[in-house]
Each structure stands twice: as structure tokens, then as C-alpha cells.
Amino acid sequence: MGAVAKQAVDRRRQQSRGSFGVEVAVAADSRPLLGGKRTSLPLPSEPAANPSRVALVICAALAAAYFACYYTSLMGGTHSRDLPWINAHLNTIGRTLILSILAFTACLWAARALGAAAWPARFALVSVHLALLAWDHGGDFQHHGFYNWVLFLIIALPLNLVLLGLFLWYTAMPTPRAFAASFLASGAALALCVGLALVHYQRMATVGFFSHRMQPGCAGRGCPPDSEPNCNFPSTLPWIDLLPKGSQNFWTGSQHCERIHSFDATLSEGGLLTISRCPAHARRAYTPLPNTRLWSIEQKTHERATYQSNVLKALKAELYKKPVQLAAETEAVLARCGEAERLLTRVAPRLERLPPEPPLLLLNGGQLPGEAGPAAAAAGAAGKQQGGARRPMAEREEGEEEEGEDAEGEGARERSSDAAAATASRTPAGKAAGGTTAGGRTSGDEQSGREASTERLNVLIIFIDSLGRRHFFRRMPQSAAALEAVARRGDSRLYQFFRYHVLGFHTDPNSHVMYTGSPIDNHYAQPIWHSYRRAGYVSGSVYNLCEDWGAEYDRMQTPHDHELVAPFCLPEYHPVTPDGEPYQMFKGAFSILRRCLRGRHVHEYNFEWMRQFMAAYDGKAPWLLLSTFHEAHEGSGEVVATVDADLAAFYRQLSPEVLNRTAVITVADHGATMGLNYMYTQNGRITEHKVPFLALLLPPWVERRYPAAAAALRANEQRLASHYDLFTTLHHLLHLGESDAPLPEQYAAWREAGNVTSAVRWGVSLLDELPAGRSCDDAGIPAEWCGCFLP
């Protein structure tokens, strides 16, 4: 009987083939179903040549639902950069896009009931989808049809492949009951594995450097003895961790840039350009890039692509015949051999600043390399007079006061009649005023054998736009290991901040507070670098996007002594559009592709220029350096991994001498604001977005010389902090050790010394203890963006 039944089933399988062209599994008439009862199972037959009216109505309704939902998801802002509008309507856009995908998929599969009209109906549905793409294929915040289309494919293709797999699986099973049993068993095993993985990744989300964890806040009875009433983030499921590295942009191709090997070119610190190994028949040329530092705000605005347009207009190729001495102000050049080009940069150290800019604070009366003659000597003397260049601590006798210092140890800052004249803090005899900046060093540190020797602390800010704390450890493990290695070898102390919190959705409301201490609507706030420059620091900024936030924040013409922006306006990297819109998926600073420029990753120019800047000034003048990266500012979350190895190498290559006189701050303004995880999961909206990365390296002597500050830093690792606190910390580092008064009593002096606007909201320095049980309101975090709640 078994053989007869099998033959009957085989015959009926041959008779019942679906419109997909594959077999449809059919049971015998009296085959038991899931409940164990025997019942008669009707056998499917060939779809009718004339589909039923019900089938037509169902397919038409699904197609209409798809069109309506997808059309709604294409809604956009009033202009191409209308990010606030997109954020306010992101839920609607995301939900209607998902509904359109579900309706589209259901219509594809329901079309089988249309019989011979099934494939024409599917073809018509796909044609409508392509027509919508042709109607709106934009890549900005007003017309974002191309974004929607890519997201549609990313979700719809895997979904339909899974359904097809289930369909084939079903047809391969002898009975529906066998399919159901295997499906439930496989589903249970998969659910168990996924559940265990999510539990693991939930625990990993609270882990930081040296396996330290974010400690849960607790208040009231039953709390552990060492617990604090700190706020807690809601527990979320980290679905994103289930995806392997590269899974969201593997289809975009290689993440490596094609190197240029056809010729060599060098640019010396003094500005000598040399092209070598270029074939004799190839045309050799060079194109100096404009130094945009002295450009006006009108020349630098990103509106209507003005900044990029002005850079491109300034490019003029020159024929290369022999090594060329470039103009003093040229710090970037394109060297050409045939069709290949290399981008070269340098930092030309300077002694003089154009008036009314403040003079540099030269250390020990020293000269910068390549500078000599009366002008240099005069500038050096001015630096001593205005900046108060000091003898190294190691050269002073114990208790000896520097000439001109107050006996009480708190000197006044001299100010020039010009509002931008330099001032320099003065300190008690034998006491450092903010660490070290240059000169020699003395032994005595029990951990590292190094001691601070002069009185200024350099500050290096590595700003990675749109990088959450968890995502740093997820996609930049080499950099995390490098920071730990620097701390383990004793060259610096590493501090991490588990509850560092955003103030708003995107960059402007966060970075504006970080640098100016005031909300974005204060258009004339003084960024922190002006206070440093007034104190005699030299400042530099490399910003790998064709915009200058610093200039736009304070409407100043020369916010830094050195800046590198012009190379990132080249069309190979920054898209040429009528409005200069950088928000494009496949090109520019926010693309999901590798970021290449003249044969190298864009971020490599950041690191090269940072090393050049530090080599030019370290040990000769105190400096503030900002380096901004945009590789994390894209929807897949994968591109930032291309920076990992180079950032790790940069950390490891920082010499003990540099680290002994430098505060290294690695910080993000916010976490993820793009991609599927942010759009559709609570984990993306809270853990990945509202907790940006922040880590701080400080010389070991700071811990010994200021034990209260070191204890505060350790306590603050677990407490709620915001960008207001980092702004205050940057001022504290500038004025470290000037006074023993409580910090709030020093704010007035800081404001006067740095010409800081009265609109500043001072936070709490991370070197001063943040209150336990701090609320979002206490930290200046708007209620609508608060993600950390008191127990």
C-alpha cells in the first residue's frame, strides 16, 4: 500500500506546478494533517486561465497599498539640507517604507492566483517601482528617492529570498506535517541561538576599556554598598550586533583605495616640491591648492556650493621642469605625471601672526625651524612679552619665583588694547599652570620615569562625527586596543565616560555646545580655540569635508593658524552639485563607499597632516589641534572600520615625550543618525545614537600632581556628562593649576581671559567631580533627547 500511495503522490505532483515553474508539494487525499486527524486535503490544480474576481481584487488592493505607502515614504523637507524635518518625520517615512515592502512582497506572491496573468502582473508591479525611482532618484533631504530605493532592495530582496527558500523547503518535504515539524525544530534552534547572542551582546554593550563596565544606577534599599543613584539607559536588544562586519555594504566592493605607483613626489616642510620617477614622455605639472585660512565667511559658506566653487576657481596648473619652491602660504599641492596625480601637504611653521591676531607663546625663547633674522627675533621677543614664555620648571630653584610673578602666585593676565591680543596665565613659583607643553623633561615619575618640565598642556582633539560608544568598540577594535596599550605602557592615563550623552539629533546642536558652550542659535559665540590662541597657543584644524564649521560658528575670518580643508573640496571626493549638498549615498563625506582621494583613503591625509603639525610645533610652542573625521557619518556603519588600523597606528606612534605634554581627547558629537538600526530599532535610537564615544588620555604626572582631579575623573566615568561638561573641561585644561579656588569661582577669570561670551553655560569640568544622581536637566540635556533616567 505504501508504494501505491507514493505513486499517487508523485502523479499529483506532476499535475500541480505553480506559476513559479517549481513543484508544489501535494498531500494524498487522506493524509494526516498537523492535528493528527485524517482528512481529505484538496489538491491544487493549474491556476485558472481566467482568474477569479476575488484574486484580482486582492492583488489590486495590495498594489494600491504598496503605491500609496511608498509614495508617502518619499516625502521630503523644504530644502536639500532640511535635516530637522527629516528627523521629525523619520518614523512616518520608515513605517510607510516597511508597509510598502510588505505590500509589494504580498502582491508578488498573491499574483500566482492570477494564472496566466501572474507574470505580466509582476512585471507591471516592478515597472511601477522603477517609474517611482525615475520620478524621484534624489539623494538629499528634500528628494531622497534613491535612499528609499536602496533601503527597499536591502529589505525586500532578503525577505523574498527567505520566502522562496521556505517555498522550496516546503515542496521538498513529503507531507505538510513533516515540513511543519522541521520548520518548528529549526526555528526553535535558531531562536535559541539568537536569544543567547542577544544576551551576550547586551552585556557587551556595557563593557569598555580594560573590561570595565557601566555600573547600573541604584537608589533606595537593597542597593549594593558601592552603588550610586546614577541614571540608567533603557535595556535594548542590540540586533545590529548579529550582523557580521561588512554585511551592510559588502555589495559596494572593495574598501581599499587604488594606490598610485607610477611616480613619486615629495613636498618638504620648507615648501620644495620634487617630482621623480616620472617617464620622460609624460607631462609633468603641479597645481597649488589655495590656503583658505584667510578667506572671508562669504567665500567659505557652503550655501550654493560657494566654498567648493571658490576652491576650484583658484586651481591653476603650472608646468613642472625642476624642483619648485612653492609660495610660503601654500600648504597643499597636486603633483601630476601624465594622467596620475598625488596630493601632498605640509605645515609651514610660523613665528608671526597677522595683526590683530595674538602672537605665539614661544617656549624658552626658542625659534621655530626655518625662521631666523630680525623678524624672527622680534617675534620671539613679542612672544615672551605677551605670552610670558617661562623657564622650564627643571631650571628653577625650589621656591624661586619667576620674574614678574605675584608673591601670592596668581598673576594677572596682561591684555593688549586690541580685543584679540594675546594673554598668558601666570602661576605660583614652582607650580605648573596646566601641565607641560615643550622643552626638556625631568625624571621622577614612578610609573613612566618622566616628569613635566614646563607649564602648558597641548590639546589634541580627534573628533569622529556620528560614532556611538558601543560602535567604537564594535568596528574599531584595533584603536581600542591601541588606547589600552598606551595606558598600559605608562605613557598616559586613560579615562572613559560611559554616560556621555547627546544634546540633540545631529552635529550642530552637539558640536556647537562642545566648542562654544552655547546653543546653536547663538551665532556669535567664541569657540574654545580663540581662548587658546589668546593664551599664546598655535591652533590647527583638519576637516575632511568641504565646509568650515569653525568659521561659521563664530563668523571669524581666521579661526585657526593652520587649516586643511581645500583638498577635500576636490570633485573626486566632494560631489559637485548646484547646492554643494554632501549628503549623497555613493560619493562624498557621507557615502557608504570607501572614501578615496588621489589614491589614498581620505582619512590618511588627516593623520599625515596631524603628524606634520605636531612635528612643526611640539616642544616649541603650545598647540591645540583638531582633526575631524566623517567616516562614521553614513548609514551602513561599516566605513568607519577603514579608519581603524590607521587610528590605532597613530595612537601607538605617539612618543612618550609627546604624550607627557599632551591631553588627547577622542570624542564624537553623537552616535548613529542613519541606517536601518536607527530607523527601526529602539537600540538604534538610544544606545547607538544618544551615547557618543568619549575617551581622554592625560599625562601620568597630572594624576600625581592633582590627585583630586584624578579621583574626579575616575568617579565621572560612571556619571552623566554632556557636551557642556567637555567645553568646561577644555577651559579647565587651559587654566589647570592657576588657582585653588573652586571652579565656579574661576569662571569669571576664564571668561575675561578668553573673551568668552556671557551667554556661555558652564558645565562641570570632568576634572572636577560630577554630582552622583545627576539628571538630564542638571546636565543641560533637553527632555526630548534624554535617554538616561534616574532610578
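Q: Why is Cys776 called buried?
A: Cys776 has a relative accessible area of 7%. Buried means under 20%, exposed over 50%, and partly exposed in between (1.4 Å probe, protein chains only). So Cys776 counts as buried. The model is predicted: local features need pLDDT of at least 70, side-chain atom pairs count only at pLDDT 80 or more, and totals for chains, interfaces and linings use all residues. Residues are numbered from 1 along each chain as its sequence is written, and side-chain values use heavy atoms, with hydrogens and water left out.

Q: What makes Cys776 and Cys786 a disulfide?
A: Their sulfur atoms are 2.0 Å apart. A disulfide is a pair of cysteine sulfur atoms within 2.5 Å, so Cys776 and Cys786 qualify. The link is right-handed, with 70° about the S-S bond. Both cysteines lie in the segment after H24, so the pair ties together parts that are ten residues apart in sequence.

Q: Is Cys786 buried or exposed?
A: Cys786 is buried, at 12% relative accessibility.

Q: Why is the disulfide of Cys231 and Cys788 called right-handed?
A: The torsion about its S-S bond is about 90°, so the disulfide is right-handed. Cys231 sits in the loop between helix H7 (176-204) and E1, and Cys788 in the segment after helix H24 (743-754), so the pair ties together parts 557 residues apart in sequence. Helices (H or I, at least four residues) and strands (E, at least two) are DSSP runs, numbered from the N terminus. Cys231 and Cys788 are both buried.

Q: How many disulfides does the whole structure hold?
A: A search finds six. Counting bonded cysteines along the chain, the pattern is 1-2, 3-12, 4-9, 5-6, 7-8, 10-11.

Q: What makes E1 and E5 edge strands?
A: The open sheet has three strands in the order E1-E2-E5, with antiparallel pairing. Strand E1 (264-267) and strand E5 (324-325) each pair on one side only. Two strands pair if DSSP finds at least two bridges between them. Strand E2 (residues 272-276) and E5 have two bridges, so they pair. Leu272 has Gln325 in E5 as its bridge partner.

Q: Why is Val128 called partly exposed?
A: Its relative accessible area is 33%. Val128 is in helix H5.
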